[in-house]
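Please look over the sequence and the coordinates below before reading on. The text then goes through a contact between chains and some local features.

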Amino acid sequence: MDRVIYLDNNATTMVAPEVFEEMRPFFSERYGNPSSLHSFGGNVHHKIDEARRRLAALLGADENEMLFTSCGTESDSTAIHSALDRFPDKKHIVTSAVEHPAVLGLCDHLEQRGYSVTYLAVDEEGRLDLDELAEAVTDDTAIVSIMHANNESGVVFPLQEITEIVKQRGALMHTDAVQSVGKLPLDVRKTSVDFLSLSGHKLHAPKGVGALFVRRGTPYTPLLIGGHQEHNKRAGTENVTSIVGLGKAAELAAEHMEDEQTRVQAMRDRLQEGLVAHCPDARVNGGGSPRLPNTLNISFGYVEGESILLLMDELGICASSGSACTSASLEISHVIKCMKVPEMYAHGSTRFSLSRYTTDEEIDYVIEQVPPIIARLRELSPFGRG
Amino acid sequence: MWDYNDKVKDHFLNPRNVGAIENPDGVGDTGNLRCGDALRLTIRVEKVDGVERIADAKFQTFGCASAIAAASALTELAIGKTLDEAAKVTNQDIVEYLGGLPAPKIHCSVMGAEALQAAIADYRGEKREEIGPEDKIICKCFEVTEKKIRDAVFHNNLTTVEQVTNYTKAGGACGGCIPEIERIIGEVLAEKAAMTCEVVPENERDALIKRLLEEEIGPALGTHDGGLQLVAIDGDKVVVAMKGACQMCANLQTTVNEFVQKELREKVDENIVVEVGG
């Protein structure tokens, strides 16, 4: 394949060249163990501290409130298990029906072990009902885990208001901010969220590194137990190279934050307008809600997502779909389903997610190439002919 | 492009016989939007010298790449066949024509075969099969009936729920009907076993072989959830079909040689050779 137009950045991102350069020496030259007493290893530890400061700065956190993990899933699991461990008498969890499998899968597992879980629905625009949230949180609720922004629809939940409601009712609050960190300005001092999860590979750091914000004073029990690493909060020799990369990526994200809100968002909006204008029977999912600046979830009526993706793939355009045929379960995406997207449109839901590396030329190309693909599939379809 | 072979890709990227025949002689609709795929097949039938032949076929598909490829292959298979030949086209024929489909996509070929049968039935003026009182929806998520599951299990020798899901989609979403699917698989396999023709022994020696297999050797295997059935006796050759756990057993040949054959040699005739078949 000659040309790749990568519009699947909510799945994973390219490691930024600056990040890669920052990481390079730690593979083969500066390979010391940060726990060693000799300065060859000890100096490596200073780089972890620097990465921690850089990441804390992006979130407005104190560096002692950040711990590095192996991925977003580990961060989510650590937060939720920690809360359950510290409140053994509380047997209830509140989450949303549109969470990432990292949280939904864990909740399902916990339900089988005697916990009860409330799954808050979203409306057709992908929004939560905060009154429903307030009713759901009881004295028995150990933790509420609600994502900051949805990976599929891009819809952003009001973290500050949600946290207020949860904290008033005495439960701990965790947010999976894997999709929003680096794309939206975020200041943990403006909310009282207890835990916040993030993942390196969604913000141009490598795969295999994540982090968890744990507010000072929040009850905490480690998930991985053993050595003293991460100030006794997460045992296991640090993934130094990737942690260094995540630190650099956080610094870059802060520098590019304005670009993300302006140029990237403008490209997303242009893509949306172009596709809606040139593809009849298209609808934007979650378009009426606050959204991540880089995400467009659009449904093309009367056609099916896998076919769209494969025809785009022939042209080097990478996106993803919530259609049943692209999932292992034969069912449409739980997010699309929960948003009650009409059946005629649900199977044709397609997600384009941009990054700072997306260019105007690429957006032009997609606006030019996708409408004929949709028209071609409509020709094949028995539906949508009045 | 994922798990598709070149032939499937070709039929997806360059589908043959797309569209709808005007004033068709027969129309076959299968699938529905809720399930995420649907197929409409239209056929034109010509009668020459009293033989009815499918002169043309066109399709419209809403579905994934393999659904489109399977429908395209179906039209290629159907065109030129007599109605009697076409009525015998199965999903296996479509899969073979395409050189294979990934397991989770087999149901696309099933949809193709169903559309062809429906179009032929429509041409012949047969009533479209309605869900009768003897049939019922087993998989509510994908509206799959008991009959469809039974047919898939019967014709394709399916033995697991996963296979049934690949062929019919049943059980592929909420999973609530999995116990029902397991029941149907068990029933159909039992029916198939019962349908195997009973061997009528020609002489006393064969009668003894039959009795030993049915009353001693078979029940002994049953204690390990296995079993066997006599298929034929041809001189010294005794053909048996293995049942239950024996079918999957890695030690099948040892069991046959060291137990079944040994018992028969000791108790009936030392020249007996036991073979697995049927």
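How many salt bridges are counted between chain B and chain A? The count is 1 salt bridge, a term that requires a side-chain nitrogen of Lys or Arg within 4 Å of a carboxyl oxygen of Asp or Glu. B:K105 forms a salt bridge with A:E306, and their closest N and O atoms are 2.7 Å apart.

This is a predicted model, in which local features need pLDDT of at least 70 and side-chain atom pairs count only at pLDDT 80 or more, while totals for chains, interfaces and linings use all residues. Residues are numbered from 1 along each chain as its sequence is written, chains are lettered from A and ligands numbered from 1 in the order in which they are written, and side-chain values use heavy atoms, with hydrogens and water left out.

The contact (heavy atoms within 4.5 Å) takes 30 residues from chain B and 26 residues from chain A. The size of an interface is often given as the accessible area lost when the parts come together. Here the two chains bury about 2,300 Å² between them, 69% of it on carbon and sulfur atoms; buried area is the accessible area (1.4 Å probe) that two parts lose on being put together, summed over both.

Between chain B and chain A, 7 residue pairs are in polar contact, both residues being at pLDDT 80 or more. A polar contact is a pair of N or O atoms within 3.5 Å; within protein, one must be able to donate a hydrogen and the other to accept it, and residues adjacent in sequence count only if both atoms are side-chain atoms. On the side of chain B that touches chain A, the elements giving two or more residues are helix 1 (6–13), strand 2 (37–48), strand 3 (51–62) and helix 2 (65–78) of chain B. Helices (H or I, at least four residues) and strands (E, at least two) are DSSP runs, numbered from the N terminus. Strand 3 of chain B provides the largest share of that side, 4 residues.

Within chain A, strand 2 (residues 66–69) has A:M66 and A:F68 pointing one way and A:L67 and A:T69 the other way, and all are buried. Buried means under 20% relative accessible area, exposed over 50%, partly exposed in between (1.4 Å probe, protein chains only). Strand 2 of chain A runs antiparallel to strand 8 (residues 210–214) of chain A, joined to it by 4 bridges; strands pair if DSSP finds at least two bridges between them. A:T69 has A:G210 in strand 8 of chain A as its bridge partner.
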